[in-house]
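Let's take a walk through this structure together. Have the sequence and the 3D view open, and look up each residue as it comes along.

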Amino acid sequence: MAAANPAKTLQDEVTCPICLEYFKDPVSLDCDHSFCRACITQCWGGFDTDVSCPQCREIFPQRNLRLNRQLRNIVEAARELRLQTGREPEPEKLCEKHKEPLKLFCKEDEIPICLVCDRSKEHRDHTVVPAEEAAEEFKEKIQAHLQTLREEREKLLGCKVSREKRSQEYLRKTQTERQKIVSEFQQLRQFLEEKERLLLVQLEKLDKEIEKIQNENATKLSEQISHLSELISEMEGKCQKPVSEFLQDVTSTLSRCEKGKFQQPLEISPKQDKRLSDFSQKTVALMETLRKFKDTLPSALETRRGEPVGAHRQANVTLDPDTAHPELVLSEDQKSVRLGDTRQRLPNNPERFDAERYVRGCEGFTSGRHCWKVEVGDGRFWAVGVARESVRRKGEISLSPEEGIWAVGYVLDQFLALTSPVTPLPLSRAPSRIQVCLDCDWGQVTFIDAGDKAPIFTFPSGSVSGVRIRPWLWVGGSRLRLCP
């Protein structure tokens with residue numbers, strides 16, 4: 001069915017839904033809706049990920065704007081057609097009654113009229129002005145309204161962007177809370193499992209000692225019962241014999257009866273009894289602690305959340321020049337590192353990374369909690385974290401826990417946790433300073449935004465393994481500095 005107004009349909013198709021004007025540099029989203037490049041860029045603001053279409057609200061994980069050349073050509077053709085139409089004005093409308101041009105405008109009736117109408121009785125006492133003058137007056141009023149409407153539209157667009165930005169911030173916070181909860185409960189589960197294992201091992205050891213005493217007693221009692229049964233049979237037979245035979249060796253018989261007196265079996269020692277009592281008391285105390293913990297769970301989690309910043313000891317970390325890749329240049333105080341212009345001629349000692357632009361800290365940690373801050377600036381290729389003392393130094397090394405590296409970094413225009421596979425982090429951009437918190441006792445490393453103290457990512461308890469753990473950096477182009 002043909003459109004009721006083809007011109008109106010064409011006008012709608014070549015108009016941007018945001019600015020309501022002809023498309024300028026039109027681009028299309030993955031949902032096939034089109035917008036001016038400047039309009040959609042302003043609408044999305046500073047978001048790099050999780051942007052949405054203003055029309056259908058479909059969410060996209062990243063910006064993907066495709067230039068719509070066909071639509072751009074259609075817009076140019078429509079604009080040219082409009083210009084050509086403007087050079088060839090439509091025939092002037094005439095008064096239906098007098099067939100004269102409508103040159104005047106009646107203010108009382110608010111209609112255009114012709115010269116004959118002006119002289120008629122109907123409009124003789126009305127205020128009549130030239131049509132051009134009336135048009136200019138109305139245009140000024142309309143332009144004033146247009147300005148107000150445009151300002152309102154800009155306010156609404158700003159409000160829309162602000163609300164979307166706030167929503168993204170809330171989503172980031174909920175994701176952070178989710179990571180906290182998962183990490184905390186995983187630590188609690190590991191603690192309880194280890195406590196359960198230790199208690200069961202102690203109880204099994206006590207079981208074996210009691211079983212040993214029981215078996216020894218059963219063996220000795222069986223031997224004594226057998227011996228006494230034989231002696232009783234012998235004595236009974238002796239008593240049945242004639243007197244002369246009975247009195248023979250009677251002294252020896254009495255002596256054997258005295259030697260066969262019953263011996264008491266072994267008892268559970270006071271030491272073992274005390275161990276069992278202590279074990280029972282420990283179990284009761286643990287159950288009571290767990291019952292109290294259920295009532296204080298929110299405050300307990302809140303306290304544990306604060307530990308990465310407050311409970312870790314600030315470490316004075318320096319970089320080890322003997323491990324630095326030949327293309328890396330360290331400062332004199334060994335606190336910062338940058339990518340040099342040329343490859344340096346350095347000894348290829350066993351500790352040096354020869355294929356990847358890595359450098360390791362001088363300090364190694366085997367126990368306790370330690371933290372340090374790294375200033376990463378606004379570079380696009382870098383990573384910070386920790387590595388095993390025994391991490392491979394020669395040849396290509398992947399950034400993963402399997403290789404003995406636990407880190408976060410900015411790679412391929414994304415802020416990532418370098419897990420296997422990598423985990424995109426819920427931040428539109430990386431912080432300029434990152435605090436690394438290493439807990440050797442838990443086998444855990446946490447990364448925190450050093451600016452607002454917000455957690456970024458945690459490799460959970462037990463995942464960081466190795467005899468000695470050292471600070472570690474990857475320099476892909478930007479300068480990294482250890483904060484004092």
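Is Arg66 buried, partly exposed or exposed? Arg66 counts as partly exposed, at 35% relative accessibility. Here buried means under 20% relative accessible area, exposed means over 50%, and partly exposed lies in between (1.4 Å probe, protein chains only).

A word on what you are looking at: this is a predicted model, in which local features need pLDDT of at least 70 and side-chain atom pairs count only at pLDDT 80 or more, while totals for chains, interfaces and linings use all residues. Residues are numbered from 1 along each chain as its sequence is written, and side-chain values use heavy atoms, with hydrogens and water left out.

Now back to Arg66, which forms a salt bridge with Asp32, the closest N and O atoms being 3.4 Å apart. A salt bridge is a side-chain nitrogen of Lys or Arg within 4 Å of a carboxyl oxygen of Asp or Glu. Arg66 lies in strand 5 (residues 66-67) and Asp32 in the loop between strand 1 (26-28) and strand 2 (34-36), so this pair ties together parts that are 34 residues apart in sequence. Helices (H or I, at least four residues) and strands (E, at least two) are DSSP runs, numbered from the N terminus. Asp32 counts as exposed, with 58% relative accessibility.

By the same rule, the count of salt bridges comes to 19. In one of them, the side chains of Lys141 and Glu137 meet at 3.9 Å, N to O. Both residues lie in helix 5 (residues 131-239), four residues apart, about one turn of the helix. Lys141 is partly exposed at 44% relative accessibility, and Glu137 is partly exposed at 30%. Lys241 forms a salt bridge too, with Glu245, and the closest N and O atoms are 3.4 Å apart. Lys241 has 38% relative accessibility, which counts as partly exposed, and Glu245, at 34%, also counts as partly exposed. Salt bridges that share partners also join Asp30, Asp32 and Arg66 into one network.

Next, the cysteines. How many disulfides does the structure hold? The structure holds zero disulfides, a disulfide being a pair of cysteine sulfur atoms within 2.5 Å. For Cys19, the closest cysteine sulfur is that of Cys39, 3.8 Å away, which is too far for a bond. Cys19 counts as buried, at 14% relative accessibility. For Cys117, the closest cysteine sulfur belongs to Cys114, at 3.4 Å, again too far for a bond. Cys117 is buried as well, with 9% relative accessibility.

Let's finish on the surface. Glu108, Asp109, Glu110 and Glu122 gather there in a patch of negative charge. Patches are made of residues with over 30% relative accessible area and no salt bridge, with like charges joined within 9 Å and nonpolar side chains (Val, Leu, Ile, Met, Phe, Trp, Tyr) within 5 Å. Glu110 sits in the loop between strand 6 (104-106) and strand 7 (111-113), and is exposed, with a relative accessible area of 56%.

A nonpolar patch on the surface is formed by Leu10, Ile74 and Leu81, with about 240 Å² of accessible area together. Accessible areas come from the Shrake-Rupley method with a 1.4 Å probe. Leu81 is found in helix 3 (residues 69-87) and is partly exposed, with a relative accessible area of 46%.

How values were computed
Lys and Arg count as positive and Asp and Glu as negative; His and the chain ends are not counted. The place of a charge is taken as NZ of Lys, CZ of Arg, CG of Asp or CD of Glu.
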